[in-house]
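Dear colleague,

I am passing on a structure that I would like you to look over when you have a moment. The file comes just below, and my notes on what was found in it follow.

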Amino acid sequence: MKRSVSAPKQSLGDRVYSDLRAAITLGEIRQGIVFNEADLIARYKVSSSPLREALTRLRQDGLVRVIARRGYAVTELSLKDFHELVQMRLIIEGAAAELAAPRISDEHIVEMRRISKIKLIAGDTSSYRNFMQANQHFHEKIAEIADNARLLRATSQIFDEMQRLLFSDIRSGDSDELDHDHDEIIEALAMRDGRKARNAIINHVKQSRDRVIGRMMRQHKDFAESDIFG
């Protein structure tokens with residue numbers, strides 16, 4: 001008789017780490033907000049030991065920093081940080097799309113269309129997380145199809161850092177773009193055309209960049225004269 005193998009259970013530290021990491025990378029815990037262990041113990045109903053384990057790992061990931069005598073804060077991303085991450089996306093995701101195009105299957109295309117149909121429902125907090133996780137999954141899927149583990153790791157790391165900036169406006173009511181806008185990418189991949197796939201990704205990344213810059217400039221008018229993105 002064949003025995004089913006169940007997935008190993010997550011430890012408390014792993015569970016808290018995973019949820020906190022998602023909350024940070026998806027912008028649920030905003031940049032600059034100071035929190036302490038007591039806040040998180042109340043939220044997760046755990047003791048200080050697994051919580052400190054999770055926070056140590058998040059510090060190693062560069063996602064949180066210690067605020068002396070106050071607690072912790074999410075590591076803030078500057079305009080320069082965002083500019084560097086966009087440059088990385090243009091290089092890495094463009095290459096991944098070009099490599100993925102000749103390898104992609106009809107089943108992959110169906111899955112990517114399904115992922116891109118996940119909608120955001122205004123006012124529904126759970127749908128924000130689903131929407132943003134679907135976006136990251138879509139871009140990671142391209143690197144996975146490209147069959148390059150290093151490209152996949154780099155894509156995941158970049159999204160962990162910048163996802164909170166890409167969609168932070170969906171909570172502020174300032175969002176005018178709630179669709180994933182992946183159609184051009186999917187169609188180029190479906191044609192198995194590497195060059196078109198690369199260009200489609202580049203166009204998509206630049207559009208996302210411009211949307212975030214526009215929001216940053218509206219929120220911080222003093223950045224309007226900056227030539228960082230020139």
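**Around R89**

The side chain of R89 makes a polar contact with the side chain of E93, at 2.5 Å. Please bear in mind, for this and for everything below, that the model is a predicted one. R89 itself sits in helix 4, which runs over residues 79–100, and it counts as buried because its relative accessible area is 2%, where buried means under 20%. Once residues up to four places away in sequence are set aside, R89 touches G94, H139, I158, F159, M162, L166, H204, V205 and S208.

One residue in that list, S208, can also be looked at from its own side. S208 has its place in helix 9, made up of residues 194–219, and when neighbours within four places in sequence are left out, S208 is in contact with R89 and L166. L166 is also listed among the residues that R89 touches. Is S208 buried or exposed? With a relative accessibility of 9%, S208 counts as buried.

**The second largest pocket**

The other region I would point you to is the second largest pocket, which holds about 170 Å³ of space. Eleven residues line this pocket, and those closest to its centre are R113, S116, K117, H182 and D183. Which helices supply at least two residues each to the lining? They are helix 5, covering 106–116, and helix 8, covering 183–190, and helix 8 gives the most, with three residues.

**S116 in the pocket lining**

S116, one of the residues closest to the centre of the second largest pocket, has its place in helix 5. Although S116 is part of a pocket lining, it counts as buried because its relative accessibility is 14%, and the cut-off for buried is under 20%. The side chain of S116 makes a polar contact with the side chain of H182, at 2.9 Å, and H182 is likewise named among the residues closest to the pocket centre. Not counting residues up to four places away in sequence, S116 touches F138, H180, H182 and I186.

With best wishes

Definitions and conventions. Residues numbered from 1 in each chain as written. Predicted model: local features only at pLDDT ≥ 70, side-chain atom pairs only at ≥ 80, totals over all residues. Heavy atoms only, no water. Helix = DSSP H or I, 4+ residues; strand = E, 2+ residues; numbered from the N terminus. Buried < 20%, exposed > 50% of the residue type's maximum accessible area, 1.4 Å probe, protein only. Contact = heavy atoms within 4.5 Å. 1 Å grid on protein atoms, 1.4 Å probe; cavity = no way out; pocket = protein on both sides within 12 Å on 5 of 7 lines; lining within 4 Å. Points joined across faces, edges and corners; volume = space filled by probe spheres on them. Polar contact = N/O pair within 3.5 Å; in protein donor to acceptor, adjacent residues only side chain to side chain.
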